[in-house]
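Me: I'm new to this structure and would like a friendly tour. Could you show it to me, and then we can go through some questions together?

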Amino acid sequence: MAAQNAHNPFYCGPVPRPLRSSLCPIYTGTGMIPTLTWTPEGVRFIDQTRLPLEESYVLATTYEEVADAIVTMVVRGAPAIGVSAAYGVALGAKKSQAATAAEFAPEFERICTRLAATRPTAVNLFWAIDRMKALYANLSDSGVPLSQIKERLLAEAGAMYEEDIAACKAMGAHGAALLPEQGGVLTHCNAGALATCGYGTALGVIRAAAESGKRIHVYADETRPFLQGARLTAWELMADGIPTTVICDNMAASLMRQGKIQAVVVGADRIAANGDAANKIGTYNVAILAREHGIPFYVAAPWSTIDLATATGDAIPIEERPAREVTHHAGKQLTPNGVGICNPAFDVTPAKYITAIVTERGVMRASYSESLRAMELVS
Ligand code: MRU
């Protein structure tokens, strides 16, 4: 009966533990997908627009190509975007023909400006670029030669890469305790290894819970229109052998009512000083549903996602993506010519719906205005 149900596309209950996916020959689990990798030629990205059916890579050999990879979502997810931009800055510096730091200065500004103009919502992008800018200013003001500045910029991007993985692991350790010993955990979008340098934020929490022996069944919202849940979250959790069921975005309420969801855990692109959290469009819906059904709603994000300079979620810029992402799927048109289209990529979940925020520094609860400020002092 179970096997029969598992093959029924409308069945939402537990499914047998999956075998490692034959669709991912390189990634075989552990949460360490080569999302982005520095190589002597440039930055290599796993192409997230082609997963899960094709595992292919894109090599960006200039900073402009890194910017294009971010805009087209070859690489996506707030922490991954930030570290990609940092490598983009390092790559731009490496390729520069300038002879001195003074000659390089205007070019450095152009590189940073181009990378900063890729996507507006994830604050990790600006955090990473600002960190590269601060290092550059410091070294240049100290009279360090350009050749050494280039090396230091690359080392800084590498440090951000390593720090991101460490942050995800720490978030996993803090957050796993919040999840039930067994039951359904719903997530939205992809806040996994593919959205970070490895292990993931929300999926890091789920991975750590599974590694600790908790029997978690993940319900992955498909996440229209880009399908990060259906394509990416499902792909990486399957490879880890974590039982996963993909649901359409409009099914969450019904599953919650049936008692199939015991917790929700999502990532974030920017968390304002009062705890309001921007994340993939549709997250706000899930938060309201979770509240209505008495289900805890957790947000997991590294400290680089916290934006204490932005007072509330109302001030978070929300990216509007191309209409074609809604009108078309896999090259096929879905909607009538000329119909109006709205495609905001993110929404803001008010802090009042968030049960806890998990960062590498620990778990915070309301009032977030106070707990975030207090945690800022912890490093
Ligand atoms: O448009 P995307 O795919 O970049 O959006 C990604 C998300 O909304 C993620 O949930 C968020 O960046 C957290 S990733 C750890």
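Me: Which elements each supply at least two residues of the shell around the ligand?
Reply: Happy to start there, keeping in mind that this is a predicted model. The shell around the ligand draws at least three residues from each of domain 1 (2–169) and domain 2 (174–378). The elements that each supply at least two residues of this shell are α3 and β9 (277–280).

Me: Which residues come nearest to the ligand?
Reply: There are 17 residues around the ligand. By class, the shell divides into 8 nonpolar, 6 polar and 3 charged residues. Those that come nearest are R76, A78, A195, G267 and K280.

Me: How far apart do the C-alpha centres of domain 1 and domain 2 lie?
Reply: The protein chain is divided into domain 1, residues 2–169, and domain 2, residues 174–378. Between the C-alpha centres of these two domains, the distance is 20 Å.

Me: Which element gives the most to the side of domain 1 that touches domain 2?
Reply: Let's begin with the contact itself: 41 residues of domain 1 are in contact with 43 residues of domain 2. On the domain 1 side, the elements that give two or more residues are α3 (78–95), α5 (123–141) and α6 (146–176). The one that gives the most, with 6 residues, is α6.

Me: How many nonpolar, polar and charged residues has the side of domain 1 that touches domain 2?
Reply: This side belongs to a contact in which domain 1 takes part with 41 residues. Sorted by class, they are 25 nonpolar, 10 polar and 6 charged.

Me: What is the bridge partner of T37 in β2?
Reply: Strand β1 covers residues 36–39 and strand β2 covers residues 42–46. The two pair in the antiparallel sense over 4 bridges, and a hairpin of 2 residues joins β1 to β2. In β2, the bridge partner of T37 is R44.

Technical notes. Residues are numbered from 1 along each chain as its sequence is written. This is a predicted model: local features need pLDDT of at least 70, side-chain atom pairs count only at pLDDT 80 or more; totals for chains, interfaces and linings use all residues. Domain bounds come from an automatic or database domain assignment. Two residues are in contact if their C-beta atoms, placed from the backbone, lie within 7 Å. Ala, Val, Leu, Ile, Met, Phe, Trp, Tyr, Cys and Pro count as nonpolar, Asp, Glu, Lys and Arg as charged, and the others, Gly among them, as polar. A residue is near a molecule or strand if its C-beta atom, placed from the backbone, lies within 6 Å of it. Two strands pair if DSSP finds at least two bridges between them.
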